[in-house]
Amino acid sequence: MDSRNRVPENWFVDPLRLGVAGAYSNGDSDPLAWQADALCAQTDPEAFFPEKGGSTRDAKRICSGCDVKAQCLDYALANDERFGIWGGLSERERRKLKKRA
């Protein structure tokens, strides 16, 4: 894999740093608390950052069953994430979504 397609070191915050999944009564106190419940944090990050032309199928399948998919997509859109699958959408799909908004 060349350097342009490497998985970013900080693609998610370590759930252990966030505390027990689902234990936050107020998500506003930590805007990244949703990451503790993300299914992608329990899987291989390579699936979420496929090489150019690679399949996004596995990542999207995992996202489809994730309880925090909406928060993930909101985060990606708000932070202009340009690489990887976030909230079940690829880079191209997120760009199209932003253009329509």
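Hi everyone, let me begin with Leu 39, which counts as partly exposed because its relative accessibility is 29%; on this scale buried means under 20% relative accessible area, exposed over 50% and partly exposed in between, using a 1.4 Å probe and protein chains only. Before going on, please keep in mind that this is a predicted model, where local features need pLDDT of at least 70, side-chain atom pairs count only at pLDDT 80 or more, and totals for chains, interfaces and linings use all residues. Residues are numbered from 1 along each chain as its sequence is written, and side-chain values use heavy atoms, with hydrogens and water left out.

Back to Leu 39. You'll find this residue in the loop between helix H1 (15-18) and H2; helices here are DSSP runs of H or I with at least four residues, numbered from the N terminus. What does Leu 39 touch, leaving aside residues up to four places away in sequence? The partners are Ile 62, Gly 65 and Cys 66, where contact means heavy atoms within 4.5 Å. Asp 67 is 28 residues from Leu 39 along the chain, yet their C-alpha atoms are separated by 8.1 Å.

Now, the cysteines. How many disulfides are there? The count is zero, taking a disulfide as a pair of cysteine sulfur atoms within 2.5 Å. For Cys 66, the nearest cysteine sulfur is that of Cys 40, 6.3 Å away. The sulfur of Cys 72 is 5.7 Å from its closest cysteine sulfur, also in Cys 40, so it is too far for a bond. Cys 66 is buried at a relative accessible area of 15%, and Cys 72 is buried at 9%.

Last stop: H3 packs with helix H4 (residues 91-100) at an angle of about 75°, their axes 11 Å apart. Leu 73, Ala 76 and Leu 77 of H3 meet Arg 94, Leu 97 and Lys 98 of H4.

Note on methods
Helices (H or I, at least four residues) and strands (E, at least two) are DSSP runs, numbered from the N terminus. Axes are lines fitted to C-alpha atoms, for helices over the stretch in contact, and angles run from 0 to 180 degrees between N-to-C directions.
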